[in-house]
Amino acid sequence: MTTETARSENPGYVHGYADTEARRLGDQADTLAELLHAGTAYPDGSRVLEAGCGVGAQTVHLLAAGPGVLLTAMDLSAESLAHARARVAAQAPGADVTWHHGDLHRMPFPDGAFDHVFLCFVLEHLPDPAAGLAALRRVLRPGGTITVIEGDHGSAFFHPQSPAARRTIDHLVHLQAAAGGDGLLGRRLHPLLTAAGFTDVAVRPRTVYADGGRPALAEGFTLRTFVAMVEAVRAEALAAGLTTPEAFDRGIADLRRTAEPGGTFHYTFFKAVAVNP
C-alpha cells in the first residue's frame, strides 16, 4: 500500500505514514515505555483490545507487561498493521495477537467482547472523539477498564525561549485541527470519558523533562520524537501558507537548541483509566 492510499484511509492522521514516521513512533514508545506504561499490566487470559495500534510501537510494550493476554490489535491503516505484525513477530514472537483492519467506529465485535481497552495517541486524530469512546465502550464488558494516553502540545515549554519555535509548534496544532483532530486533547480526557458514560475516571499527568543531566531523553524524546514530529509537517505548513521556509527552519533550529548543553525541554502526557459501569 502506498503512503497516499494509507493517508486516504485516515486523512485525520496529520503525521503521515512514511517509514520515517514508523521509526519516530518506535523511538517514542521505547523512550517513554516506563513513563507511559507504568501501572498498565493485564492478567493472563484477559481479552484486551488495542484500538489504533498503528505500527505496533505500543503493542510490544503491552505484550511485555502482559505476555499472557489475548490481544486484538486493530488499525484503520493496512500499511501500519503490516509494520505492527513485523514488529511483534520480531520482539514478541510467541504472543497471542489477533489483527484486525478496520474503523473503531464500525467494529464487528459483539457487545462486551473485551475485558480491557487500551488506546494511545488515537483520540487526538478523531473528528469526534466522544463518538469514538462511545463505540469503544460498547465492546467493553461491564466492569472492564479503558486506558487512554494522549499528549498536549500546549504543554511544551523549553529553554532557551523562542517565539519562532512556539510558532512552529502552533503550525502543527493548526494543521491537525484542519484535519479534524486536536493536538491539545490531553487536557480534555476527563470530561470526554465522563461524557461517554465511563465512571471512576482518573487522569494523571506523565511529564517528560530533559536537560543536560538527561542526555538520553534529550536525544530520544526532544530530538527524535518531538522535534521530528514537528519537522515532518514542514511541507504541509508551507503549502497551507502558514509560514515561510526561513521562519519554519528557524523554529526547528531553536527547538533543536533546547536539546543541546544548557537547554531544557518539558512536555506532559495525560493517562486516564476509567471503568465501564
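1. F121 is buried, because its relative accessibility is 14%. Buried here means under 20% relative accessible area, exposed over 50% and partly exposed in between, using a 1.4 Å probe and protein chains only. The model is predicted, so local features need pLDDT of at least 70, side-chain atom pairs count only at pLDDT 80 or more, and totals for chains, interfaces and linings use all residues. Residues are numbered from 1 along each chain as its sequence is written, and side-chain values use heavy atoms, with hydrogens and water left out.

2. The structure has 9 aromatic pairs. Rings of Phe, Tyr and Trp (its six-membered ring) pair if their centres lie within 6.5 Å; planes under 30 degrees apart are stacked, over 60 edge-to-face, the rest tilted.

3. F121 and F269 make a tilted pair, with 5.6 Å centre to centre and 40 degrees between the planes. This pair links distant parts of the chain, 148 residues apart. F121 sits in the loop between β4 (114–120) and α6 (129–138), F269 in strand β8 (residues 264–275). Helices (H or I, at least four residues) and strands (E, at least two) are DSSP runs, numbered from the N terminus.

4. F269 is buried too, at 3% relative accessible area. F269 also pairs with F221: the centres are 5.9 Å apart and the planes at 70 degrees, so this pair is edge-to-face. F221 lies in helix α9 (residues 215–231), 48 residues from F269. F221 is buried, with 1% relative accessibility.

5. One aromatic cluster takes in F121, F158, F221, F226, F265, Y267 and F269.
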